[in-house]
Amino acid sequence: MFYVFVADSGEMTLSPLIDDKHLAEEAEVLRPGLPLSFAQSLLGEIDEQRQGSGRGGVWPLWGGYSRERGEDKKRDGAWVKRAMLRTLKGYPGLRDQNWRWEKGNSPETSWQNELKDNLGSITDKERVGDFLARTEGRLLAKADLQRLGQECRLSYPEILNLCHEQVGKGDAQWIPAVTRIGKGWRCERCGETKVEEWISIYGPAATCPACTALGAVSSLHELYRSGAPFQTMFSPSTESDHLSYSSFSDCGNMAWEFSPRWELSPAQKLAAQQVLEFVKEGAGERGVIQGRNVEKEVLLWAACGAGKTEVCFPATAWALEQGKKVLFAAPRQDVVLDVAPRLQGDFPGLKLSVLTGTSQERFTPAPFVLATTHQILRFYQAFDLIFLDEMDAFPYYGSTALAWGMERALRTGGKRVYLTATPSRESLEKVKAGRMELIRLAARHHGKAVPLPQWRKIGGSMAPEHGCSGEQGEKVLQWLKELALWGPVLLFVPKISWVNPWVEILKKEFPQWSISGSYSADPNRTEKIAALREGRFRIFVCTSILERGVTLPNAQIMVLEADHGVFDERALVQMAGRVGRTRENPTGNAFFLSRQKSAAIAKAIYWIKEQNELAFAQGLIDN
Ligand SMILES: [Zn+2]
């Protein structure tokens, strides 16, 4: 809730604090409070009435609404207060509310007096500095601010006070979480415009359905947006006033070093050097150097299992040395938890903030943030360098949220690196159009080619009900048998409902082998996959859940109905990419089985072939 303060001069101001210490002495406050969006439009409406039609429009969100308009005689507080009550009573849902003007520091607001006693303690430099470091570059809803309070051991009113102080200084803003854009709406956190509209007592309102994973927000909620006050930290102007509390480097200056524990492969070295050059080029500039555009995005297109994460480390080390802030975002929590110890190992002493849906610490200030991708929506102009891993596996892939979040979280002059083994059509188009650079990491660390998948024609449906009968069933079983002699087989099927029937069929056919299967909703999924990793199954039937992120020594793969619509070229490349990943077993087989060679199958095979040819041309592989 926000409170409208009106001074005798007619000056109108909004504050989330019912007796804002800057206002309460001279101004009266309207009770009860109002949602920010409504309060803003109310002030706009009053301003328009005061100015007569044709004047309204844009006015500053904060500070006096009428400070410079002293010539109007309707400016006095009594008129404004009357006009406001009259306007409020014009809203059917608000007519019967007990609207009243009160002195801000009336006894009713006694909790505020208590707060005032506490204010002495929160003005202490250390705690304010702590608050600033934790909120730098953040976009926070009420629930986030409450959590922040718990972490800083401050009450919610104290947090509000600190936030509002930053707003007053111009270093942060309060914004409605969902705002009016023309006739529509837009979520300010995720950029979604397809919102759920409803009628509130304040008139039409909208809730964002897209980012509810971070806590639902509507046009009646507000967000606190800290506009990176330390953006100038690369230049040596550390003495400006808002830096007097603390600067970000206070928490990043701890001694750390970059000492990679293993050597990069020749392919990784080549790509790492290119990423470093990209990050260095025009760093901190605003897009144009010597009349030439400097691209702010690069696509790092890596072969499956080529070790793309480590390729980012040299550029990361350089950026951190420059005092820049770096984010590594990955779509899944298990990837984040897998990368964290690798980073910690290669950057001993570096302070790392790990943000996943389940992590407790949410506001630890650190120069390097490692997060699940949707956490990016909680940042605002926070990073100079963003690595986004597997963008095509982002849960919001195809929605506006990712692009929106990436744009918002990056500081002016910042750079983004997209890491993937299977680039999206959009990103390839961007590369083609020259709007994004491309770096290839074409070879695996063991210097062997990625095994080329083979397409094998099958006459009819491979649905389990007629899976094993007749000639085609014989073929499938025969090929499976061949593969299983090489190593454990991952058998991919297009539908969840096929998993268990196929497990039963294969158990009957191959009673001597241990066979199992799983899918996303399988309650025993975690245990089964752990057993799979231990090499306890000869054949494992699964949907695309195992498409990414699994390294199984000597794995072989077979895809049934590979021409099915769920298997696009990216999925097929990822599945084929499970084969030959380890130094001990760099080869293997991937069979795509289907009635026809779909465009996706052809493309997947072409991608891998082209990649191997490139790696060979670069002298990175020997066959
Ligand atoms: Zn949203």
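Strand β1 (residues 3–7) and strand β2 (residues 12–15) run antiparallel to one another and are joined by four bridges, where strands, like helices, are DSSP runs numbered from the N terminus (E, at least two residues, for strands; H or I, at least four, for helices), and two strands pair if DSSP finds at least two bridges between them. Across this pairing, V6 has M12 of β2 as its bridge partner. The hairpin of β1 and β2 has four residues between the strands, and there G10 takes a positive phi near 95°. From β2, the residues M12 and L14 point one way while T13 and S15 point the other way, and all are buried, a word that here means under 20% relative accessible area, with exposed meaning over 50% and partly exposed in between (1.4 Å probe, protein chains only).

This is a predicted model, in which local features need pLDDT of at least 70 and side-chain atom pairs count only at pLDDT 80 or more, whereas totals for chains, interfaces and linings use all residues. Residues are numbered from 1 along each chain as its sequence is written, and side-chain values use heavy atoms, with hydrogens and water left out. The pLDDT is the predictor's confidence in each residue, from 0 to 100; its mean over the protein is 84, and 84% of the residues reach 70 or more. Over residues 54–71, however, the pLDDT is below 50, and this stretch has 35 contacts in the model beyond near neighbours in sequence, a contact being heavy atoms within 4.5 Å.

C190 lies in the loop between β8 (184–187) and β9 (196–200), and C208, 18 residues apart from it, in the loop between β10 (203–207) and β11 (222–226), so that the pair links distant parts of the chain. Both C190 and C208 are buried.

An open sheet of seven strands comes next, with parallel pairing and the order β16-β17-β15-β18-β19-β14-β20. At its edges stand β16 (352–355) and β20 (437–441), each with a single partner strand, so one side of each is left without a neighbour in the sheet. Strand β14 (residues 297–302) pairs with β20 in the parallel sense over five bridges, and W301 stands opposite R440 in β20.

Where does P423 lie? P423 is found in the loop between β19 and α13 (425–432), and it counts as buried because its relative accessibility is 0%. Although P423 and L299 are 124 residues apart in sequence, their C-alpha atoms are 8.1 Å apart in space. Leaving aside neighbours within four places in sequence, P423 is in contact with L299, W301, L428, R570 and W607.

Taken as a whole, the protein has 18 helices and 26 strands, and 57% of its 623 residues count as buried.
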